[in-house]
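User: I would like to go through some side-chain details of this protein. Please take the questions one at a time.

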Amino acid sequence: VIKGLQAALQRVAAVDSTVLLTGESGTGKELAALALHRHSSHANGPFVPLNCARVSPDALEVELFGHAGAGAERRDGLFVYAQGGTLFLDDLADLPLPLQATLLRVLDTRRIRPVGGEQEIPVDLRIVAASNRPLRREVDAGRFRDDLYWRLQVVEITLPPLRAHKEDIPDLVNHFLA
């Protein structure tokens with residue numbers, strides 16, 4: 001299964017589209033996102049991870065889009081830092097609904113507007129998103145936007161838990177021992 005997953009990740013990496021990684025916590029979604037990045041046309045750019053659940057909803061907008069203030073208030077967001085590379089949005093189900101609408105617009109226009117700013121900034125990057133909760137269920141419960149779900153899951157890869165591929169345990173043990 002792991003070898004099959006590696007081949008699938010390499011195939012998907014060659015396609016410049018948004019990818020949604022799903023699976024339980026601990027299934028290696030960030031490692032899969034990093035593998036997608038390393039085998040993609042964005043490999044020479046930065047890999048910028050963000051766990052959406054670990055940033056307060058109030059700070060998340062500035063974290064992503066930056067702040068257009070003057071002097072010390074001015075700050076670039078992760079979209080700017082990830083230019084030419086990959087922005088990995090982990091625990092996306094925790095993204096507040098208003099920010100989901102903003103993210104949808106960014107996916108559609110490939111432009112961001114820093115908080116407090118008037119000018120839009122073009123962005124060239126790949127977005128890989130991940131969730132340990134089924135987003136379809138979050139959509140049905142009204143906690144996640146349906147249009148954003150469909151825009152993100154252009155390619156969806158589900159990462160199985162280790163208990164579903166026990167035959168790979170010896171290979172994993174050898175890998176970690178080496």
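User: How many aromatic pairs does the structure hold?

Analyst: A pair of aromatic rings is described by the distance of the centres and the angle of the planes. Rings count as a pair if their centres lie within 6.5 Å. In this predicted model, the number of aromatic pairs is three.

User: Is the pair of Phe47 and Phe88 stacked or edge-to-face?

Analyst: The ring centres of Phe47 and Phe88 are 6.1 Å apart, and their planes meet at 20°. Planes under 30 degrees apart count as stacked, and those over 60 as edge-to-face. The pair of Phe47 and Phe88 is therefore stacked.

User: How many residues apart are Phe47 and Phe88, and which strands hold them?

Analyst: Both Phe47 and Phe88 are buried. The pair links distant parts of the chain. Phe47 belongs to strand 2 (residues 47–51) and Phe88 to strand 3 (residues 86–90), and the two are 41 residues apart.

User: Are the rings of Tyr149 and Trp150 stacked or edge-to-face?

Analyst: Their centres lie 5.1 Å apart, with the planes at 70°. Because planes over 60 degrees apart count as edge-to-face, the pair of Tyr149 and Trp150 is edge-to-face.

User: Which residues make the nonpolar surface patch of about 350 Å²?

Analyst: One of them, Leu162, sits in the loop between strand 7 (155–158) and helix 8 (169–177). Leu162 is partly exposed, at a relative accessible area of 41%. The residues of the patch are Leu162, Ile169, Val173 and Leu177.

User: Which side chain is joined to that of Asn51 by a polar contact of 3.1 Å?

Analyst: Asn51 lies in strand 2 and is buried, with 18% relative accessible area. Leaving aside neighbours within four places in sequence, Asn51 is in contact with Asp90 and Asp91. The polar contact of 3.1 Å joins the side chain of Asn51 to that of Asp91.

User: Which residues does Thr86 touch, not counting those up to four places away in sequence?

Analyst: Thr86 is part of strand 3. With 0% relative accessibility, Thr86 counts as buried. The residues that Thr86 touches, on that count, are His37, His42, Pro46, Phe47, Val48, Arg126 and Val128.

Methods:
Residues numbered from 1 in each chain as written. Predicted model: local features only at pLDDT ≥ 70, side-chain atom pairs only at ≥ 80, totals over all residues. Heavy atoms only, no water. Phe/Tyr/Trp six-rings, centres within 6.5 Å; stacked < 30°, edge-to-face > 60°. Helix = DSSP H or I, 4+ residues; strand = E, 2+ residues; numbered from the N terminus. Buried < 20%, exposed > 50% of the residue type's maximum accessible area, 1.4 Å probe, protein only. Patch = residues over 30% accessible without salt bridge, like charges linked within 9 Å, V, L, I, M, F, W, Y side chains within 5 Å. Areas by Shrake-Rupley, 256 points an atom, 1.4 Å probe, with all protein chains shown as cover. Salt bridge = Lys/Arg side-chain N within 4 Å of Asp/Glu carboxyl O. Polar contact = N/O pair within 3.5 Å; in protein donor to acceptor, adjacent residues only side chain to side chain. Contact = heavy atoms within 4.5 Å.
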